Structures are given as structure tokens and as C-alpha cells.
Amino acid sequence: MLRRVVRQSKFRHVFGQAVRNDQIYDDIRVSRVTWDSSFCAVNPKFVAIIIDASGGGAFLVLPLQKTGRIDKTYPTVCGHTGPVLDIDWCPHNDLVIASGSEDCKVMVWQIPENGLEEPMSQPAVVLEGHSKRVGIVTWHPTARNVLLSAGCDNQVVIWNVGTGEALVRLDDMHPDVIFSACWSRSGSLICTACKDKTVRVIDPRKGKIIVEKEKAHEGARPMRAIFLADGNIFTTGFSRMSERQLALWRTDNMDEPINIQEMDSSNGILLPFYDPDTNIVYLCGKGDSSIRYFEITDESPYVHYLNTFSSKEPQRGMGYMPKRGLDVNKCEIARFYKLHERKCEPIIMTVPRKSDLFQDDLYPDTAGPDPAVEAEEWWAGKNGNPILISLKNGYVATKNRELKVSPNPSAPQKTPGPQAPQSTPIKGEDKLEEVLREFKSLRDRVILQDRRIAKLEEQIAKVAM
């Protein structure tokens, strides 16, 4: 009896295909900023692309059907005074997008239903609190109006966009630049990858580190870490010999990886995109001309290589379509938006099937656009898994609510008549609290830097001996 050597999987024959030339978004000046974000964000209505812009930062927002050559005068979102570094669409409202920039600000924008007809320079909300450039913005997967931002000031800030206030600042956990931040499936935890080569799992509401792994990848180049649906963590990074690696970790014990694989010796950062419905991870290397994909299972070796999509030109960035934006009639399980130097090219990943019927095994119920909890409920301790929807009859877009920003009710209110003068001392107290908070933050940072200097001095002394 012959031993079966080929692992059975319905995703073994997934193949990628670039669209025809008339379905490409052409003549786009893709950003040249040296920052390792994807530069592109996609949802079922729009594709957003960070572009080169003079006199500040800007990004394009194009309706999906707006293919072909994009006119140089096409309106942009252009409110930042420094280059935009990261953008992310709100999972609960297809008209709302957040952006982080070198101007140290996070801005949230409400895009008109039919796209932009004139340049947009007035955001719905401006979130100020970082002291250095903001390189990461990512929305909470299940709570309405909760946004995470991380900056080169080594801070993670979680915002309530509905009130425009910071719910929590994690400013003493990372001694160096944060390379990536990702929410868990229910949004109760976040995991971060930092320049100190440590992956941390953090409970943001308690403000404490649950578990951390030092030297998850020993190479000095940037790492990425993402949560999987089962709570495990998938990381990409570099070995000491500068070979690219991927690894799988259990969050309850990160002493040793479940699996670690070396891939190649290319120097492009690997951007992981994860599909929780199929448990497939797609790895897109910046500067690569390929997309590799792997299936995560409970069977050893746990991370199974499936295939590689290759093309001729390297990618400068990549957008990833949520499941509800795919064409289920064509067995499409993923769609990428590959950024070239001057264009954006959709790439469709398909499982070949003979039947025209809906394939239940390829499309289990997926995360829909409705939030499971409100921002205030989440902050009070309530968690909620994504509210799932069936794609059997295709995704039908629901009406998007307008993003309303109302000041925090606990903030001082102006009152009419003789009581008005009382608001002045309250404002003074608020200002004092803000100054004290900033003083504590700076003091903590100085302590961290002192420790770092002491360590470096010890190392120099050892080398000198």
C-alpha cells in the first residue's frame, strides 16, 4: 500500500490571476516614502492609495469601478501637512477611513457615497496625541468607533473616535519603534512587534503585557505579528543570517515556536494578510514580484505551503479586499490590489470548481459590517466576536451611518448665565492634568533611555576589554 505523500486540501490548487489592462487603475503616483506599510486599503466600495503629493500628504480614494487612467487633477484627500504613512478603512462603515501621517496626527475622514468630486481637506475628526510621526492605524474589529494608532514616539494610543478622546495610552511598554500592531479576533487583546525584536501580547484596557517573546526573530530588520482566529500568533521576520522567516506561536507559551520556517534571503519586508474563514495567510514581500500563501492547520507542521503567485514587476505595496467584497459566483477567495510605481493592479485568487452553485465549504459565514459592541461598552469591559453574515446570495451593502463626533460628556460644559465664569478653573485643572500626564510620559521615557544607555555602556565596556 503506497503512503500518501500529498496532503489533502481544498486550497492546494488556488491560483492567482491579474486582471485585464482595462481593469487596472493607471497613471497613479504611488508614494515613495520609506515606510513599511501597505500604502493601500480596500473595501467593497473604494480603493484608497497613498500617493506622492507636494506640500503635505495625500491619498486617492477611487470607487472600485473607476478603472483606467486616473486624471492628474482627480481630487484627493489632502488634509495632512506631512506625508501619509498608513490608511485603514473602518470595518463597520465603508465611507469612513483613518490616516496616520508624519505630521504626528491621526485623521478620520467621511467619504461621500459616490466618491470625491473635489479635494477633501477637512477631516471629520483630528486625533492629536502623538509627539512623532504616526506609522500605524488600525480599527477595532468588533467595537464601533475604536481606533488604534502607533507612532515613532513608541506609544500605542487607543481612541474613541465618536468623542475624539484617547481611551488609553500605552507609553511605557515599547523602548523602540513599533513595527506592527494587530487586534485579536474579538478585540480584547493586541499584539505588537517592536524594533527591540520582541513580540508582545497586551491587554490594552488593563494596560499590562500578558506575554512577550524576546528575539522572536533574531535579525535586525522589521518584523510583523498578527493574531490568528484561534488566538495563536503568526510572525514574519529575519534570521541572524538575514534570511526571511515565518513562525507560529502559542500565546499561552511563547518560549518556543510551534513552527518556524526559513524562506529565502531576499531583503523585502514580508507583509502578512490573513483570512480567518479559510485560515490562509498570504505573504507579500515589499519589492518582491510574488505572493506566497500558506494554510494554517492543527496537523504538523501546522504551516503548510500552498503555492506562489508570480508576476514580472515588483510590488511597492498591497491592498487586501475583505471577504464581503469578493465575487462568490467565481469561487474568488481573495483579491489583492498590487501597487506598482505608476499603477494599481487587482489580482484575483480563485479555487477552481466545475459547479456554478454556491460553494459552502469555501465561504463559511464571515464578518459583516455591523459592530458587536459600542465603544463605551468595550471600554467598560465587554467583548464581542464579529457578527457573521452569509455570502450565499452575495453581499448586499447596508446604508452607512454618518460618522458623528460628539465631545466627551464628562468634559467641562459651558453653561449660560452667572455660572459661566465657573468653567475657567475647570479648564485650568484640565490643562494641569494634561501637563502632568505629559510630564509623566516624558519622565518615563527618560528613565527608559537611561536604562538603554546604561546597557549600551556595559556592552561597550565588554567590547573594549
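Q: Why is Asp94 called buried?
A: Its relative accessible area is 4%, and buried means under 20%, with exposed over 50% and partly exposed in between (1.4 Å probe, protein chains only). Asp94 therefore counts as buried. A friendly note on the ground rules: this is a predicted model, in which local features need pLDDT of at least 70 and side-chain atom pairs count only at pLDDT 80 or more, while totals for chains, interfaces and linings use all residues. Residues are numbered from 1 along each chain as its sequence is written, and side-chain values use heavy atoms, with hydrogens and water left out.

Q: What makes the pair Asp94 and Arg324 a salt bridge?
A: The N to O distance between their side chains is 3.0 Å. The rule asks for a side-chain nitrogen of Lys or Arg within 4 Å of a carboxyl oxygen of Asp or Glu, so the pair qualifies. Asp94 sits in the loop between β8 and β9, and Arg324 in the loop between β28 (317–320) and β29 (332–339), so the bridge ties together parts that are 230 residues apart in sequence. Strands such as these are DSSP runs (E, at least two residues), as helices are (H or I, at least four), numbered from the N terminus.

Q: Is Arg324 buried or exposed?
A: Buried, because its relative accessibility is 7%.

Q: How do you know that Asn93 is buried?
A: Its relative accessibility is 8%, so Asn93 counts as buried. Asn93 lies in the loop between β8 (84–89) and β9 (96–101).

Q: Which residues is Asn93 in contact with, leaving aside its neighbours within four places in sequence?
A: They are Asn400 and Arg401, where contact means heavy atoms within 4.5 Å.

Q: What makes Arg200 and Glu212 a salt bridge?
A: Their side chains meet at 3.4 Å, N to O, and the limit is 4 Å. Arg200 lies in strand β18 (residues 199–203) and Glu212 in strand β19 (residues 208–213), so the pair ties together parts 12 residues apart in sequence.

Q: How many salt bridges does the rule give?
A: The count comes to 23. Asp27, Arg69, Lys72 and Arg342 are linked in a network of them.

Q: What makes β29 and β30 paired strands?
A: Seven bridges join β29 to strand β30 (residues 343–350), and pairing takes at least two bridges found by DSSP. The two strands run antiparallel, and a hairpin joins them through three residues. Glu332 stands opposite Thr350 in β30.

Q: What makes β29 mostly covered?
A: Eight of its eight residues are buried.
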